[in-house]
Amino acid sequence: MATPTIQSPCIKLCAVDGETGFCLGCGRSLKEIGGWTKFDDAGRQSVMDMLPDRLDHLRALGKLGGQR
């Protein structure tokens with residue numbers, strides 16, 4: 001399998017928020033985390049494009065504190 005051209009956004013802080021379903025480290029869902037290596041470049045980029053808004057939402061909910 002070829003190495004993905006878009007690297008994983010994982011920061012090794014893996015904890016999924018029960019309310020939103022998003023990882024408190026990277027902002028991905030469990031489905032996205034599990035399928036990451038199977039996604040093509042466009043699929044990974046699509047997820048990457050959503051992560052800043054997801055992390056901002058988690059921060060607004062008080063779930064991230066001052067991280068990132």
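Which residues are buried in α2? I found Arg44, Val47, Leu51, Arg54, Leu55 and Leu58 buried there. Buried means under 20% relative accessible area, exposed means over 50%, and partly exposed lies in between (1.4 Å probe, protein chains only).

**Ground rules.** The model is predicted, so I noted that local features need pLDDT of at least 70 and side-chain atom pairs count only at pLDDT 80 or more, while totals for chains, interfaces and linings use all residues. Residues are numbered from 1 along each chain as its sequence is written, and side-chain values use heavy atoms, with hydrogens and water left out.

**Overview.** I counted two helices and zero strands in the protein. Helices (H or I, at least four residues) and strands (E, at least two) are DSSP runs, numbered from the N terminus. Of the 68 residues in the protein, 31% are buried. I then looked at contacts, where contact means heavy atoms within 4.5 Å. Among contacts with a separation of 6 or more, 50% join residues 24 or more positions apart.

**Helix α2.** I checked the length of helix α2, which covers residues 41-60. The expected span of a helix is 1.5 Å times one less than its number of residues. After α2 comes Gly62, with a positive phi near 80 degrees. The cover over the buried residues of α2 includes α1 (30-35).

Arg54 lies in helix α2, and it counts as buried because its relative accessible area is 11%. Leaving aside neighbours within four places in sequence, I listed Phe22, Gly27, Arg28, Ser29 and Glu32 as the contacts of Arg54. Arg59 is also placed in helix α2. With 27% relative accessibility, Arg59 counts as partly exposed. Arg59 and Leu24 are 35 residues apart in sequence, and their C-alpha atoms are 9.3 Å apart in space.

**Nonpolar core.** Which residues make up the largest nonpolar core? I noted five residues: Phe22, Leu24, Leu55, Leu58 and Leu64. A nonpolar core is a set of buried Ala, Val, Leu, Ile, Met, Phe, Trp, Tyr and Cys residues joined through side-chain atoms within 4.5 Å. In soluble globular proteins, nonpolar side chains tend to be buried together. Leaving aside neighbours within four places in sequence, Leu64 is in contact with Leu24, Leu55, Leu58 and Arg59.

**Rings.** I looked for rings of Phe, Tyr and Trp (its six-membered ring) that pair, which requires centres within 6.5 Å; planes under 30 degrees apart count as stacked, over 60 as edge-to-face and the rest as tilted. The count came to one aromatic pair. The ring centres of Trp36 and Phe39 are 6.2 Å apart and the planes are at 65 degrees, so this pair is edge-to-face. Trp36 counts as buried at 5% relative accessibility, whereas Phe39 counts as partly exposed at 27%. I also found the charged end of Arg28 over the ring of Trp36, 4.8 Å from the ring centre. A charge sits over a ring if NZ of Lys or CZ of Arg is within 6 Å of the ring centre and within 35 degrees of the ring normal.

**The segment before α1.** Ile11 is in this segment, and I noted it as partly exposed, with a relative accessible area of 39%. Ile11 and Gly25 are 14 residues apart in sequence and 6.0 Å apart in space, C-alpha to C-alpha. Lys12 is also in the segment before α1. Lys12 is not a glycine, yet it has a positive phi of about 60 degrees. Is Lys12 buried or exposed? At 74% relative accessibility, Lys12 counts as exposed. Leaving aside neighbours within four places in sequence, Gly21 is in contact with Val16, Arg28, Ser29 and Leu30.
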